[in-house]
Amino acid sequence: MDPTVSLKLGVDRNSPVPLYFQLSQQLEAAIEHGELTPGSLLGNEIELAGRLGLSRPTVRQAIQSLVDKGLLVRRRGVGTQVVHSQVKRPLELSSLYDDLEAAGQRPATRVLVNAFAPASAEVAAALGVPEGVEVHRIERLRLAHGEPMAYLCNFLPTGLLDLETEHLESTGLYRLMRAAGITLHSARQTVGARAATPVEGERLGEPEGAPLLTMQRTTFDDTGRAVEFGTHTYRASRYSFEFQLLVRP
């Protein structure tokens, strides 16, 4: 059965908002609210157009806009399928694992590197340690619903806590740090964007040159000590950062 049949879809022909955009917004909201679940198949475009009194090109444009956002995917021989809602991460001191879990995205982690390495000049400056001193390096691929979402590279001072690979694959880094008695107090963070390299594209399931979001963060405990430096890349088609802006009085 077409899952859109149970949705209250409709368009306002008197609105200046284009009809395709009205429909795409309603379908996107249904995906984000769990009314259209990951894996469900949308029905025939002709039937949907007839039910809503829209032209087939209008319905196709609405669906294509959600395909472009990564919320739907067209599979040959299968049809148009819901992937999952885009994760909107608030810019606050939280972990990606917790944000994915809160969004119902079923997070999973694949640890690629869990070792000690000499600190580069950038890492040393962020952690406040001498360049070349040994630090703990962790590289992880974070997945949601089995799809790669982000590549995370973190550096921590040695001796801060024990980080077993099995623990890193079962929960988030910040949870492990808090469990070890580390009080996370504040962070300095930079957000950017750039095109994916061939290696990054292969790693994240995106074509070379696809847009990626980037984030660098240095986290401090309640004594002001730097306890973690991370440099991460995110799929822009699956992920966004949310800002809350306040007006100065």
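A salt bridge is a side-chain nitrogen of Lys or Arg within 4 Å of a carboxyl oxygen of Asp or Glu. By this rule, the structure contains five salt bridges. The model is a predicted one.

**Salt bridges**

Side chains of opposite charge can pair when their charged atoms come close.

| Salt bridge | Closest N to O |
|---|---|
| R137 and E139 | 2.6 Å |
| D221 and R225 | 3.0 Å |

In the salt bridge between D221 and R225, D221 is buried, with a relative accessible area of 4%, whereas R225 is partly exposed, at 42% relative accessibility. Salt bridges with shared partners also join E147, E206 and R235 into one network.

**Strand β5 and E139**

E139 is placed in strand β5 (residues 134-144). Because buried means under 20% relative accessible area, E139 counts as buried at 11%. Its salt-bridge partner R137 is partly exposed, with a relative accessibility of 28%. Leaving aside neighbours within four places in sequence, E139 is in contact with R110, V111, L112, V113, Y151, L152 and C153.

**Helix α6 and L168**

L168 belongs to helix α6 (residues 165-168) and is buried, with a relative accessible area of 0%. Beyond its neighbours within four places in sequence, L168 is in contact with T109, V111, N114, I138, L163, L173 and L176. The C-alpha atoms of L168 and A108 are separated by 9.8 Å, although these residues are 60 residues apart along the chain.

**Helix α1**

Helix α1 comprises 14 residues (19-32). From its first C-alpha to its last it reaches 20 Å, close to the 20 Å expected at 1.5 Å a residue. Its buried residues are Q22, L23, S24, L27, E28, A30 and I31. An α-helix has 3.6 residues a turn, so residues three or four places apart point the same way. Just after α1, G34 adopts a positive phi of about 80 degrees.

Definitions and conventions:
Residues numbered from 1 in each chain as written. Predicted model: local features only at pLDDT ≥ 70, side-chain atom pairs only at ≥ 80, totals over all residues. Heavy atoms only, no water. Helix = DSSP H or I, 4+ residues; strand = E, 2+ residues; numbered from the N terminus. Expected span 1.5 Å × (residues − 1). Buried < 20%, exposed > 50% of the residue type's maximum accessible area, 1.4 Å probe, protein only. Contact = heavy atoms within 4.5 Å.
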